[in-house]
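Thanks for coming. I will go through one model today, and the structure is going up on the screen now.

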Amino acid sequence: MGKDFKAIKQTGQLLSFVPTGEYYFAKGIKAYNRRDLQRAHKYFSRAMDLEPGEPMIVCQLAIVNTELGDYQQSIRLLRLILEEYDEEMTECHYFLSNNYAHMGLFKDAYNQANLYLKFNPDGEFADDAEDLLELITLEADEFDEDLFEEDELIVKQDEARRLLEAGEFLKAVEVFEDLIKEFPEYWSAYNNLALAYFYLGETEKADGILEQVLEMNPGNLHALCNKLVFAFYRNEPEKMERLTTTLSKIHPLTGEQQFKLGATFSLIGEWEHGYKWLKRLQRFGHEGDGAFYYWLSYSAFHTGREQASRTYWKKVLELNPEREGHEPWSERNHGQSLDHQVSSIINRLDSEYPEERLFALFLASVSAKKEEVLSSEKIGSSMSSLEKQYLHYVESGNRKPGMEEVLGAHETALQLYEFHQPINHDKAGVYLIWFAVFQEAVNEGRSLKNKKAWAAAVDYVWGRLRDDKSTKQAVAQKYEISVSTLSKYVRMVNGFLR
């Protein structure tokens, strides 16, 4: 919609840049003029890293994002300029108008185009802004109020999704709950609200929301996929099998649903099903974002299509350079929960550090692939008597006399697991701290009966190490203990870690 974007002309302002910032900005301009947008995005991003407060770089990066179809990121950058860097850089209003128009948010597009013309009646983009206004007026059918209401819904949904992806789950919950009140049949908000509650550890509430969706909208694909994901992370094989069978019979028509199905199957390790739907999307011309190529690469790799996987991974790195090192063939393999990475668990079992070996045994205990892990020849070769007791419990589930310490360690880890799952590399730290503390507690003859208190103390200390601002009162409430009890156990944990 509207005329093609124009690159901002280089001006004398470039002289104020440090050489490295100027160098990457100039390379970005050359790539942009050649219409090599991916390379231009890379160079402008690097220039912005080096000159984070320079509005001209940020604006040029926003323009490239628009041309790549990443309208939300472009809007975020343009607002950053107007709100923090240079409110007089009024051409940003025109670029915002274009982004909103592309997204079908005609009310916002109309307002931004008018703002640009108010500040720049004879500006460089004045003719373009007037053409855009004419198109917007035609599209919006003289500003039908229902259309504006839809604008509001889309904006709120995108904001809530951003919060969800950023890990700001409590804020996301607030926005999704507001959306549901305003739009009681907007199923996407329900499904995302369920995810937010699940990530917060409120699994019963998350399940209840999905059941509500399926009751009001039977067969809702996103709700069924989310139920399968929840069952996967809770290690509920029977429920997983039932839902997998149901979903494998579904043949969605829309690209969005095909991606959801393919990504869900890939996440739970049903690689052939995942590859089928993601490859189908690509074959029919779906461009996709970083997440699409991420799961396409993973499903290709795990179905024996390694060369294709490597090709798709190059696309992942173009769109999300921070994914470097997370390749499906890499040991770091952040794509799966650690309890589903058999080779990673076995390597930990052979670690020289006892807390790593204890953590590996816990991972095996909650893994859907426990039998495969326990069949490894590496198990038991370097274990202490305490670890061998834990191994016996993980293998058999039998509680023998004299295993009180091991059971205390395991059940405390389960208390942490309620709030820290799926177990990815970031969350591994809280478990490693616990198993390190456990060994010291055993050496000093400390009682492990109060599992909630030990788990709460480790959670609090781990959070402090990560600059988490959770108060003792909040953590105590989460684990249903008193603040004084938490404080007592925090002192012990800190003492063992010194």
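I start with a definition: a salt bridge here is a side-chain nitrogen of Lys or Arg within 4 Å of a carboxyl oxygen of Asp or Glu. Keep in mind that this is a predicted model. By that rule the count comes to 12 salt bridges. I will show three of the pairs.

The pair to begin with is Lys 315 and Glu 318, whose side chains meet in a salt bridge at 3.9 Å, N to O. That value falls under the cut-off, since the rule asks for a nitrogen within 4 Å of a carboxyl oxygen. Where do Lys 315 and Glu 318 sit relative to each other in helix H17? They are three residues apart in H17, residues 306-319, and so about one helical turn separates them. As a general point, an α-helix has 3.6 residues a turn, so residues three or four places apart point the same way. Also in general, side chains of opposite charge can pair when their charged atoms come close. As for accessibility, Lys 315 is partly exposed, with a relative accessible area of 22%. Glu 318 is partly exposed too, at 39%.

Next comes Lys 452 with Glu 480. In this salt bridge the closest N and O atoms are 2.8 Å apart. The pair links distant parts of the chain: Lys 452 belongs to helix H24, while Glu 480 is in the loop between H25 and helix H26 (483-497), and 28 residues separate the two.

Arg 39 has 38% relative accessibility and counts as partly exposed. Asp 36 is also counted as partly exposed, at 26%.

H24 has the largest share, with five residues. By class, the lining divides into four nonpolar, three polar and six charged residues.

On to closed space. How many cavities of 30 Å³ or more does the structure hold? It holds one. About 40 Å³ of space lies in the largest cavity. Its lining consists of Asp 207, Lys 227, Phe 230, Ala 231, Arg 234, Glu 236 and Lys 239. By class that is two nonpolar, no polar and five charged residues. Helix H12, residues 221-233, gives the most to this lining, with three residues.

Lys 227 is found in H12. It is a lysine, but Lys 227 counts as buried because its relative accessible area is 15%, and the cut-off for buried is under 20%. Apart from neighbours within four places in sequence, Lys 227 is in contact with Leu 210, Glu 211, Leu 214 and Leu 243.

Last, a helix and its surroundings. Helix H10 covers residues 187-199, and its 13 residues should span 18 Å at 1.5 Å a residue. The end C-alpha atoms of H10 are 19 Å apart, which agrees. H10 is mostly covered, with 11 of its 13 residues buried. Among the buried residues are Trp 187, Ala 189, Tyr 190, Leu 193 and Phe 198. Just after H10, Gly 201 takes a positive phi of about 90 degrees.

Ile 180 is buried, with a relative accessible area of 15%. Leaving aside its neighbours within four places in sequence, Ile 180 is in contact with Ala 189, Tyr 190 and Leu 193. Between the C-alpha atoms of Ile 180 and Leu 193, which are 13 residues apart along the chain, the separation is 9.3 Å.

That is the end of my part.

How values were computed: Residues are numbered from 1 along each chain as its sequence is written. This is a predicted model: local features need pLDDT of at least 70, side-chain atom pairs count only at pLDDT 80 or more; totals for chains, interfaces and linings use all residues. Side-chain values use heavy atoms; hydrogens and water are left out. On a 1 Å grid over the protein atoms alone, a cavity is a set of points where a 1.4 Å probe fits but cannot get out, and a pocket is an open set with protein on both sides within 12 Å along at least five of seven lines; lining residues have an atom within 4 Å of a point. Grid points are joined across faces, edges and corners, and a volume is the space filled by probe spheres set on the points. Helices (H or I, at least four residues) and strands (E, at least two) are DSSP runs, numbered from the N terminus. Ala, Val, Leu, Ile, Met, Phe, Trp, Tyr, Cys and Pro count as nonpolar, Asp, Glu, Lys and Arg as charged, and the others, Gly among them, as polar. Buried means under 20% relative accessible area, exposed over 50%, partly exposed in between (1.4 Å probe, protein chains only). Contact means heavy atoms within 4.5 Å. The expected span of a helix is 1.5 Å times one less than its number of residues.
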